[in-house]
Amino acid sequence: MIRGLVRAAALLASGLTAAPLWSAAVLQCVPYARIVSGVDIRGDALTWWDQASQQYKRGAKPKKGAVLAFRPHGPMMLGHVAVVSRVLDDRRVLIRHANWSVPGAIEEDVLAIDVSDGGDWSQVRVWHSPTAQMGARTNPTFGFIYPAKAKLHDFTPDPALGSSVRFAKIDADMWDRRRPHRAPAPHGGIMVAQAPAAPAKVARKAAPRLEADLRVVSYADATPSQRTLSAIIADVKRQSVLN
């Protein structure tokens, strides 16, 4: 059991897998996105796009408060949902979501970029908190689901929804200082957003910084295992610093 948990945490830190490996013992992306966005849809994330067709408007343009619905892909077997917290430009948004970089983790105002050829947000890359950089995997999406009223709702960790840790909170204003330009990716000709060239000292100052909120780590201690989720996450953080 312990060996399996450690292996899963290592895979998450390397960006090779996503949260569907975990059961409802930890906070899932669906209840988090439903509360934060106000989009009242239930069921696995992969079903949200079809369910929304009869209840909400859908589209390919990011808007604040909209839910970005991810298609099932690779280890992300049940799909994923995230909430847009800010639109930076036509290729960059900030999102709030749960159960992505680390099981049960809440990540707020982290970057997602459109890397699709057509600029339609059908392919995205997402910020990976343990390594403090954009994730290597390209994730296919259905598009955006728009709530009746674009409003971000506060989320209060609730053990009834599963154990959670506020793993990352990034100063949203930091992203505004990273003016993107387009550059071809090594594979498939996909265009990705990159920070402009700058002296090393300036680049380090401009880089977003993670702020761990240790006040909610206690929620992870409810995980019924010999080794707590908080201990696993601490190891992941420690390894990311050493690397």
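Of the 243 residues in the chain, 48% are buried, where buried means under 20% relative accessible area with a 1.4 Å probe and protein chains only. The structure is a predicted model, in which local features need pLDDT of at least 70, side-chain atom pairs count only at pLDDT 80 or more, and totals for chains, interfaces and linings use all residues. Residues are numbered from 1 along each chain as its sequence is written, and side-chain values use heavy atoms, with hydrogens and water left out.

The mean pLDDT (the predictor's confidence in each residue, from 0 to 100) is 74 for the chain, and 60% of the residues reach 70 or more. Residues 1-23 have pLDDT below 50, and this stretch makes 48 contacts in the model beyond near neighbours in sequence; a contact means heavy atoms within 4.5 Å. Residues 179-226 also have pLDDT below 50, with 87 such contacts. Where pLDDT is low, the predicted coordinates should not be read in detail.

The chain contains 6 helices and 11 strands, taken as DSSP runs (helices H or I, at least four residues; strands E, at least two) and numbered from the N terminus. Among contacts between residues at least 6 apart in sequence, 60% join residues at least 24 apart.

Strand β2 (residues 67-70) is covered on both faces, with Val67 and Ala69 buried on one side and Leu68 and Phe70 buried on the other. Strands pair if DSSP finds at least two bridges between them. β2 runs antiparallel to strand β3 (residues 80-89), to which 4 bridges join it, and Val67 lies opposite Val83 in β3. Strand β8 (residues 139-146) likewise pairs with β2 in the antiparallel sense over 4 bridges, with Ala69 opposite Gly143 in β8.

Technical notes
Buried < 20%, exposed > 50% of the residue type's maximum accessible area, 1.4 Å probe, protein only.
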